[in-house]
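Subject: Two-chain model, handover and findings

Hello,

Here is the structure I promised to pass on. My notes follow below it.

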Amino acid sequence: MPIFDEMYGTDGAVRPAYAGLADWLAAMPDGALERKRREADILFRRIGITFAVYGEGGDTERVIPFDLVPRVLAATEWATLAAGLEQRVKALNAFLRDVYGGQEILRAGRVPADLVLRNPQYQPMMSGVVPPGGVYTTIAGIDIVRVDAERFYVLEDNARTPSGVSYMLEDREAMMRLFPDLFARHRVAPVGHYPDELLQTLRSLAPEAAREDPTVVLLTPGAYNSAYFEHVFLAEQMGVELVEGQDLVVRDDHVWMREAGGARRVDVIYRRIDDAFLDPLAFRADSTLGVAGLFEVYRAGRVTLANAIGTGVADDKAVYPFVPEMVRFYLGEEPILANVPTWSCRLPGELAYVLDHLGELVVKEVHGSGGYGMLIGPSATREELAAFAERVKADPGNYIAQPTLSLSTVPTLVEAGIAPRHVDLRPFVLAGGDKIRLVPGGLTRVALRDGSLVVNSSQGGGTKDTWVLED
Amino acid sequence: MLARAADNLYWIARYMERAENMARMLDVSWRMSLLPMGDDPQRLQWEPALIVAGCDERFAARGGAINARNVIEFLALDPANPSSIHSCLRSARENARAMRTQLTTEVWETLNATWLEAHRYDWERLNQVGFRAYFDWVKERSHLFRGVSFGTMQRDTPFRFVRLGGFIERADSTARLLDVKYHVLLPTPQDIGGAVDYYQWSALLRSLSGFQAYRRIYRDVLTPRRVAEMLILRPDMPRSLVATFGETTETLVALREQFGRDYECTRLALAMYSKLRYGRIQDIFAFGLHEYLTAFVDSNVELGHSIARDFMLPG
């Protein structure tokens with residue numbers, strides 16, 4: 001199957017959304033882009049100064065590479081994506097409400113009960129706990145890939161603590177500074193209001209008693225966390241306190257923040273700490289990152305956690321194949337966004353198929369993330385395939401397999417000039433007590449190595465500004 | 001503002017001020033060590049530095065002879081000594097890093113750049129650069145930090161805690177530095193009021209940036225009583241005890257108004273301030289200068305604990 005390039009399609013003709021960009025690139029004098037790239041490096045060091053905070057020498061901290069050529073989506077393309085994303089996140093929240101409530105979808109046999117109830121991400125303590133608005137995954141990052149002009153697939157749902165939105169915002173900021181002329185020639189939908197949307201979403205989920213003027217905080221594991229920059233950035237942009245577990249205390253059935261002038265009640269916690277570390281009394285006793293007694297206050301509905309506890313059961317790779325079923329079951333609609341066809345190795349028939357076709361498939365660990373523990377069949381050696389087959393046979397339930405998709409490409413500035421590179425897209429969906437909010441676009445990740453399909457930043461991926469054109 | 005943030009900001013300023021004052025103290029010790037002395041001059045000249053810095057016991061535990069190299073290395077460069085200039089600059093930067101959101105970019109960059117430069121110093125580099133040049137550099141970085149925070153920070157809670165830390169620390173170090181003379185012995189009792197005595201007092205004054213001011217104020221010879229009066233009781237001397245307490249109480253009163261509560265630390269500070277404001281040098285000398293300074297340092301430490309209890313460890 002030919003690779004679909006988002007600028008040139010499969011036939012080499014520039015697609016309409018890219019017309020302006022193609023002209024602009026063609027008119028670019030030799031070396032001009034290179035100069036802009038150097039300028040961008042300097043800019044990133046300055047506006048993203050906190051990137052370098054971790055490094056002693058200022059340069060040692062890796063800045064995720066930023067590519068200058070934007071990725072463009074037409075208004076109609078985005079409209080479909082947005083509708084599909086909203087639908088999917090509604091279904092994921094309905095699923096979470098159900099599995100921690102009446103478990104109707106399990107009783108109806110539409111999702112295997114053991115897959116949910118015996119899932120390590122399932123939190124039995126959450127049984128009967130309904131957060132405000134019935135919202136569990138408040139901030140969801142849905143990873144999307146594209147294979148041709150029409151088809152977008154959901155590759156993965158991130159319903160716990162998805163990160164990367166700060167790159168989306170910084171990439172846009174950098175592009176507007178570097179190429180103001182490009183923005184004058186295009187009607188690019190803005191994304192800079194994301195922090196406001198996030199704050200409104202969080203406020204809309206405050207406990208009823210505090211709905212008037214809730215105090216929102218962002219809870220971080222601390223300065224040594226790899227996403228700390230993003231925590232600082234979002235707290236600053238929203239104008240809320242960035243707190244650590246030691247700054248919060250539970251007293252009189254509420255959560256309080258220790259301030260210099262006394263204690264202040266906290267109503268909504270945007271937490272960037274995993275479930276297991278939130279409360280040493282309820283979860284891991286050795287955690288020093290969390291707040292003792294937090295879960296009791298949460299269960300009593302006196303503080304809101306975003307995201308809720310136990311959302312991992314909805315984005316687990318073993319549960320992923322059933323998300324389209326969730327859409328049908330809860331919303332009575334056909335899914336707008338399709339899943340990538342997936343074989344579950346826990347089913348004997350599908351396991352046999354996977355083992356027979358290992359060389360053509362991508363095989364993933366059910367609980368793995370970040371591109372680790374993954375086999376890409378077509379680029380593996382015979383020894384690697386044999387070794388991986390043994391691992392799958394030893395523990396089939398731990399693996400799923402998908403066809404090797406020919407991901408779309410977008411022109412990218414590399415050593416040798418402009419060349420196509422594979423991309424994916426992570427839009428951020430905000431589910432509030434009042435409505436679902438989306439800023440147009442998301443974070444585009446690009447695999448900078450020629451032919452590579454792995455876009456994770458830990459594996460040599462970069463980012464691009466993502467444009468949604470307005471009509 | 002978070003109590004932890006108040007604590008961090010307060011300590012950033014204390015550490016920067018402490019680094020500066022350690023540099024001042026080493027500078028005066030170095031100047032005094034160049035004066036002619038009696039037997040075992042190394043020990044006589046460098047032991048007071050350790051005592052005044054409150055590092056004599058830690059130095060003894062570490063072992064080694066008391067001489068210029070060992071003492072300067074220990075008080076300026078030793079990462080294992082939490083009071084060394086090296087450690088203070090590192091701690092200031094670590095506290096700042098944990099509280100990036102409360103600082104302006106300029107303040108953060110000042111602290112970060114200072115640490116990045118400071119941690120390149122070892123004994124060899126210190127000798128290449130020269131002691132005096134190094135002490136001056138440390139002082140300049142502290143001046144820069146003070147100026148940048150003054151020039152860029154919004155006049156609200158974070159700024160108040162930065163000021164508070166700076167002045168509490170400065171009061172401590174002025175009192176300690178003034179006490180150096182008590183510990184530095186003269187070769188013989190006949191030397192009291194002699195040339196060495198004079199040079200020691202003038203080195204002390206210079207290290208507190210008070211030499212020119214003394215000349216302008218008194219237009220007369222150096223006497224211990226006047227030096228002490230100037231550095232304890234003159235409100236127009238920025239490093240005097242009364243001046244630092246003026247600033248401390250002003251800041252604490254502003255915090256009291258802001259938070260609308262009474263604090264024990266404010267009461268303590270006001271009590272100490274009125275003693276300084278209405279104190280007389282003859283009474284201090286009648287009590288004994290060394291005894292007075294020792295008691296002051298103790299009260300100031302108590303005030304520091306009280307500030308921590310009131311603002312940084314609530315509930």
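This is a predicted model: local features need pLDDT of at least 70, side-chain atom pairs count only at pLDDT 80 or more; totals for chains, interfaces and linings use all residues.

Residues are numbered from 1 along each chain as its sequence is written, while chains are lettered from A and ligands numbered from 1 in the order in which they are written.

**A loop residue in chain B**

B:T101 sits in the loop between helix 5 (85-98) and helix 6 (105-118) of chain B. The cut-offs: buried means 20 or more other C-beta atoms within 10 Å of the residue's own, exposed means 12 or fewer, and partly exposed lies in between, with C-beta atoms placed from the backbone.

Which residues does B:T101 touch, leaving out those up to four places away in sequence? They are A:V232, A:A235, A:E236 and A:L242. A contact requires C-beta atoms, placed from the backbone, within 7 Å.

**Chain B overall**

Chain B has 17 helices and zero strands. Its radius of gyration is 19 Å, close to the 20 Å from the globule rule for 315 residues, so chain B is as compact as a globular protein of that length. The radius is taken over C-alpha atoms, and the rule is 2.2 Å times the number of residues to the power 0.38. The C-alpha trace of chain B spans about 60 × 45 × 35 Å along its principal axes. Buried residues make up 45% of the 315.

**Chain A overall**

Chain A has 14 helices and 21 strands. Its C-alpha trace spans about 65 × 60 × 45 Å along the principal axes. Of its 471 residues, 42% count as buried.

Strands pair if DSSP finds at least two bridges between them. Strand 16 (residues 409-414) and strand 17 (residues 417-426) of chain A run antiparallel, joined by six bridges. They form a hairpin with two residues between them. A:V410 stands opposite A:R421 in strand 17. Strand 17 also runs antiparallel to strand 20 (residues 443-447) of chain A, through four bridges. There, A:L425 stands opposite A:T444.

Best wishes

Terms used: Two residues are in contact if their C-beta atoms, placed from the backbone, lie within 7 Å.
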